Amino acid sequence: MTVEIKHQQIAYHDWEAATYEDKFSIAFDQRCIDYAIARFRKAVPPHIAASDVLEIGAGTGFLSINLALGGYLQGARICATDISSGMLDRYRANASRHQLDADVVTADVEALPFADSEFDLVIGHAVLHHIPIPGLALREIQRVLRPGGRLMIAGEPTYAGERITSAVKRVTAGTVRWLGSRAVGPRVGIALRGDAQTQHDPVASLEHEVDLHTFRPTDLAHMADVAGFVDVQVITEELLSNWFGWSVRTIEGMVDTARCYPRWPSQVFRVYQRLNRLDETVMPHVVPRALFYNAILAARKPRVAPS
């Protein structure tokens with residue numbers, strides 16, 4: 001079963017690589033540089049300098065390339081891994097375009113092809129929830145880290161946050177379909193996209209099969225503890241901004257927003273920023289942190305092996 005799941009992951013992410021950046025508004029610009037750095041700063045102390053960095057589930061390079069463009073990881077050897085060679089083809093192209101040297105290796109994070117203690121920093125974004133056995137992956141990460149080395153994985157969906165967001169997406173989709181069915185004038189009309197490709201492409205239909213897990217923050221921390229990490233922290237973030245972001249993605253999947261609303265991207269980003277500021281400053285005092293959507297796992301490998 002695990003082998004079948006991994007084949008599905010490879011097939012789907014190879015297929016998705018061509019459209020992945022557009023789907024998730026991934027770019028290598030100041031907006032995404034700032035976002036990547038903000039995640040990094042929450043999890044890695046400012047005095048930490050890494051000489052050998054491993055990115056797991058690197059995809060097309062969102063995290064490591066944007067961190068490098070922002071002046072982080074300077075002078076470090078960067079090794080990018082993913083189970084999808086299609087994603088890594090895009091990574092290579094993005095790294096080349098931005099003059100970033102990186103070793104790119106197709107690899108399964110449950111069985112990393114690296115020596116013990118080879119890296120002093122392991123990073124990832126939105127990767128653990130795709131892995132059949134996350135605890136095994138964390139054990140492998142701990143193995144390849146040097147004593148005292150750091151782990152930072154961001155963008156993992158929480159159990160409660162995912163369920164709330166699923167309801168938000170359903171309401172958004174229903175509202176868009178209702179508006180699209182109304183006989184309104186061309187200035188305010190909504191033209192729904194066709195979904196023939198999704199209906200007829202069996203690989204596209206795997207989208208709902210490849211997201212394997214959501215995590216309660218306490219369970220995520222426990223997995224890291226069991227894997228041998230210390231100084232484990234799970235930081236949750238994005239509540240209102242996440243609801244808004246998934247609503248936007250749902251709308252963009254159903255409506256040609258670029259044609260209907262040329263200023264859509266800039267306006268959407270400004271609203272997201274405002275909501276994210278509320279999430280950082282106000283909402284933690286009002287809403288339990290377990291309800292926030294994204295979790296960041298931060299941890300350290302012990303400097304001395306336990307006796």
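A salt bridge here is a side-chain nitrogen of Lys or Arg within 4 Å of a carboxyl oxygen of Asp or Glu. The views below come from a predicted model, in which local features need pLDDT of at least 70 and side-chain atom pairs count only at pLDDT 80 or more, while totals for chains, interfaces and linings use all residues. Residues are numbered from 1 along each chain as its sequence is written, and side-chain values use heavy atoms, with hydrogens and water left out.

**View 1. Arginine 146 meets aspartate 52 in a salt bridge.** The N to O distance between their side chains is 2.8 Å. Arginine 146 belongs to strand E5 (residues 145-157) and aspartate 52 to strand E1, so this pair ties together parts 94 residues apart in sequence. Strands (E, at least two residues) and helices (H or I, at least four) are DSSP runs, numbered from the N terminus.

**View 2. Arginine 77 also forms a salt bridge with aspartate 52.** Here, too, the N to O distance is 2.8 Å. Arginine 77 sits in strand E2 (residues 77-82) and aspartate 52 in strand E1 (residues 52-56), so the contact links parts 25 residues apart in sequence. Aspartate 52 is buried at 13% relative accessibility, whereas arginine 77 is partly exposed at 29% (buried means under 20% relative accessible area, exposed over 50%, partly exposed in between; 1.4 Å probe, protein chains only).

**View 3. Aspartate 89 pairs with arginine 92 in a salt bridge.** Their closest N and O atoms are 3.1 Å apart. Both residues lie in helix H5 (residues 85-97), 3 residues apart, about one turn of the helix.
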